[in-house]
Amino acid sequence: MSEPLVVGRIGRPHGVRGEVTIDVRTDEPDTRFAAGTRIATDPGTAGPLTIERTRWHSGRLLVRFTGIGDRDAAEALRGTWLVVDPGDIPPSTDPDDFHDQELIGLSVVTADGTDVGEVADILHHGQDLLVVRGPAGEALVPFVAALVPEVDVPGGRLVIDPPPGLLDES
């Protein structure tokens, strides 16, 4: 099996009946977290978990897992990663759609060919950010077409066109 793909992380309990908040890491939460879905965990000892029901509340996904019936049981799952086998995810037909594991490890160069480092991680906040580590340290690069004009997964590289100051150590 290849490296599992993270689709979410269990957050704090919500209420007293075992519901938890989910930090969603997938573009398809309604599919990934559908009732009856069995999902693997990291650490593996926490699961697999079966989704009993879900609901959206104030922009947050709330999930209740089968067998998790109170706040204490829900709290014990806090911080658990929810993962799937990448082979279970159909490839995207969108050429500009990438999974994190496809990007991590790609070498990063500027448009003029200067080596910057490699993609070490992707942060998913309001804007996806590439964590690029190299000889000059670590830089956060917004993952937008204007700054990342080329992603060549088969070639193992990503081209960035950083504005002045983006890669400065300060």
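Predicted model: local features only at pLDDT ≥ 70, side-chain atom pairs only at ≥ 80, totals over all residues.
I'll start with the sheets. In general, strands of a sheet pair through backbone hydrogen bonds, and the pairing is either parallel or antiparallel.

Here, one set of six strands makes a closed barrel, in the order β1-β2-β5-β4-β3-β6, and the pairing is antiparallel. On average, neighbouring strands of this sheet are turned by 50° against each other, ignoring direction.

Next, the open sheet. Six strands form it, ordered β10-β9-β8-β7-β12-β11, with mixed pairing. Which strands are at the edges? They are β10, residues 137-142, and β11, residues 150-152, and each of them pairs on one side only. Neighbouring strands of this sheet are turned by 30° against each other on average, again with direction ignored. The partner of β11 is strand β12, residues 157-160; the two pair in the antiparallel sense over three bridges. There, E150 stands opposite V159 in β12.

Now back to the barrel, for a single residue. T41 lies in strand β3, residues 38-42. Is T41 buried or exposed? Its relative accessible area is 8%, and buried means under 20%, so T41 counts as buried. What does T41 touch, leaving out residues up to four places away in sequence? The list is A46, G47, L49, T80, W81, L82 and V83.

Methods
Residues numbered from 1 in each chain as written. Heavy atoms only, no water. Helix = DSSP H or I, 4+ residues; strand = E, 2+ residues; numbered from the N terminus. Buried < 20%, exposed > 50% of the residue type's maximum accessible area, 1.4 Å probe, protein only. Contact = heavy atoms within 4.5 Å. Pairing = 2+ DSSP bridges. Axes fitted to C-alpha atoms, helices over the stretch in contact; angles between N-to-C directions.
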